[in-house]
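Please look over the model with me. My notes follow as numbered points.

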Amino acid sequence: MPFFTLLSKFFSPKYAEEAAGFIDGNPEHILVNDKNSFKKMLSVLSKANSCVMDTEADSMHHYQEKLSLIQISVGKYHWLLDPLCGLNIKPLWKCKALKRITFHACDYDLRLLARFHEFHPESIYDTSIAAKLLGERQTGLAALVGKYFGIKLDKENQRADWTKRPLSPEMCQYAVLDTIYLDAIKEIQCKRLEELGRMEWLQESCENLLKRSKSNQSELSEDKPKDGWRLKGSNIFKPLELQLLRAIWQWRDHEAKKRDCAPYRVLGPHYILAFVKAAAKIKGKINEHDLPRLPRNLKGKLLQSFLKELNAAASAPASEFPAPLLRKASPRTAINEDLREKLRELRNKKADELKIDSGLLATQNQLNALADGLNGTWEEKFEAAEFMNWQREIWRSLVPNAVLPKTANELRAWAKERLLAMSMENKARENEKLILELSAHSALENGCIAAFYPTELEPQIIPFLKKLAGEGRLLLPRVQDQQQMEFVQVQNLEEDLEPGTFGIMEPKADLPAFEGTPAAFLVPGVVFGKDGGRVGRGAGYYDRFLAAFKGISKLGIAYCAQIRNSLPQGATDVRMNEVIWARS
């Protein structure tokens with residue numbers, strides 16, 4: 001079926017009685033919890049071309065998660081279907097209207113429907129995805145309803161226990177408001193998407209979400225994984241720590257099941273990991289005072305049962321301790337970090353032009369795939385990144401510009417452009433971080449420090465220079481001729497400096513040269529590599545001077561805009577021992 005024919009069918013009126021328009025100013029819901037109301041709902045859904053749907057679950061309140069409510073709207077009809085009332089709702093999934101469903105942020109809804117009813121619609125429209133493709137800053141349902149219709153939705157019951165029966169009038173009102181506006185939102189969005197030429201982007205994005213939902217169905221089983229107790233962050237644990245972790249997890253699971261509550265309400269994951277680390281250090285019996293601050297609910301009999309299980313696990317034979325999992329070998333990668341940064345810049349610039357979030361064009365993992373030298377051609381990289389067709393088309397227009405500077409002059413031009421583009425706010429933030437790091441650096445704690453007076457484009461470390469000068473430890477360079485420079489001790493930046501050969505502030509001519517050996521060098525540059533490589537202004541002053549000080553720490557100082565992953569170094573180039581920049 002042609003694309004626009006399919007769209008017209010999806011977005012046409014869904015039922016003959018839909019005459020009053022999309023928005024019902026005073027919505028009335030129909031509670032479906034018996035055979036008669038269910039049959040009436042099916043009679044409409046069997047004729048309608050599509051519907052709007054939302055779901056509610058109870059994972060925050062009960063041990064076993066349940067699909068607790070299904071909201072369905074078609075025109076003036078707004079049903080609240082109770083899947084917990086004992087009805088056989090299998091006929092629902094065969095209705096014509098459920099082949100094409102409009103949702104808002106439906107990833108979780110699709111997982112619930114697949115897990116509890118093995119249902120997948122044929123096609124979906126997600127108003128959240130559409131909002132992102134339209135560049136909406138806020139894509140939540142309440143934000144969209146507020147922007148498009150000037151109506152404020154009450155989200156008080158967002159975290160309610162949807163297994164409670166009967167449902168309160170407030171909960172019913174909340175539930176029905178999750179569907180009644182979606183058709184109207186969709187109508188506005190489709191018009192704008194067509195104007196921007198992004199309708200196919202939406203269709204493919206929704207198809208991709210549905211495809212991923214179907215492929216993940218095997219992961220939706222209610223059976224808990226065998227090693228579910230191996231929480232994130234425990235991969236570096238030793239056998240004793242794993243033994244304690246398993247015991248705490250099993251104790252928590254038992255308590256949650258006994259009390260029919262979500263396990264995190266008994267003990268949060270951050271508490272579990274903290275308790276494991278503390279308990280593993282105790283020789284002998286583990287007591288309450290050996291553990292970090294306890295949550296308020298862990299006291300009395302609950303605390304005693306917790307400590308009992310913890311001590312039983314700690315005193316068990318070491319042969320019973322679980323072994324660390326063997327790490328699977330990660331796929332080989334050869335990510336070019338400089339190329340990845342260039343691709344990120346191209347992505348961000350294009351996203352700004354399109355007025356959409358940059359993550360829609362490529363996630364961090366997708367940028368990694370594009371910058372991986374093992375993936376071959378750009379088309380192979382697109383395949384590895386699992387790009388949709390509309391993303392591929394955009395990237396095909398971008399990758400010809402993914403050319404990296406190679407020569408020293410190209411690198412200087414690259415850095416200068418980036419430095420000139422830095423905002424004053426970013427520079428101030430990075431300068432502050434640099435000064436803090438320099439002030440705490442162990443190599444700069446004692447002795448005289450050979451530093452530099454920054455130009456306008458270089459990191460403004462003057463407060464740190466003043467600190468060194470006040471301690472009588474500051475050395476600054478002075479150009480002697482076209483080949484050499486020397487360092488001079490400076491005690492007052494205002495009184496001891498004057499413009500030098502290149503217009504850079506340097507020590508006055510009447511101040512004597514420093515004849516000792518600096519404790520460390522702070523080195524300026526135009527471009528730095530994370531591997532210590534450096535590209536200077538091209539005159540070679542620093543390379544010639546530093547070559548005589550092989551045993552002294554040389555610290556390159558830079559903005560983030562000046563950093564590359566690595567730099568080729570010539571025979572006379574001096575590599576830095578460390579490059580300091582304000583890592584974001």
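1. A residue counts as buried when its relative accessible area is under 20%. Keep that cut-off in mind. The model is predicted.

2. Which residues of α8 are buried? They are Met199, Trp201, Leu202, Glu204, Ser205, Cys206, Leu209, Leu210 and Ser213. In an α-helix there are 3.6 residues a turn, so residues three or four places apart point the same way.

3. With 17 residues at 1.5 Å a residue, α8 should span 24 Å. Its end C-alpha atoms lie 25 Å apart, so the two values agree.

4. Now the core. The largest nonpolar core holds 81 residues. Inside this core, Leu45, Leu92, Leu98 and Trp395 have the most contacts. Helix α8 (residues 199-215) gives the core its largest share, six residues.

5. Take Leu98 as an example. Set aside its neighbours within four places in sequence. Leu98 is then in contact with Leu45, Cys51, Met53, Leu92, Trp93, Phe119 and Pro121.

6. There is also a second, separate core, of 43 residues. Ile435, Val490, Val523 and Val579 are among its members.

7. How do α5 and α7 pack? Helix α5 covers residues 141-149, and helix α7 covers residues 182-196. Their axes are 11 Å apart, at an angle of about 70°. Angles of 65 to 115 degrees count as roughly perpendicular, so α5 and α7 are roughly perpendicular to each other.

8. Who makes that contact? From α5 come Leu141, Leu144, Val145, Tyr148 and Phe149. From α7 come Leu182, Ala184, Ile185, Ile188, Gln189 and Arg192. By class, the contact has nine nonpolar residues, one polar and one charged.

How values were computed
Residues numbered from 1 in each chain as written. Predicted model: local features only at pLDDT ≥ 70, side-chain atom pairs only at ≥ 80, totals over all residues. Heavy atoms only, no water. Axes fitted to C-alpha atoms, helices over the stretch in contact; angles between N-to-C directions. Helix = DSSP H or I, 4+ residues; strand = E, 2+ residues; numbered from the N terminus. Parallel < 35°, antiparallel > 145°, perpendicular 65-115°, else oblique. Contact = heavy atoms within 4.5 Å. Nonpolar A, V, L, I, M, F, W, Y, C, P; charged D, E, K, R; others polar. Core = buried A, V, L, I, M, F, W, Y, C linked by side-chain atoms within 4.5 Å. Buried < 20%, exposed > 50% of the residue type's maximum accessible area, 1.4 Å probe, protein only. Expected span 1.5 Å × (residues − 1).
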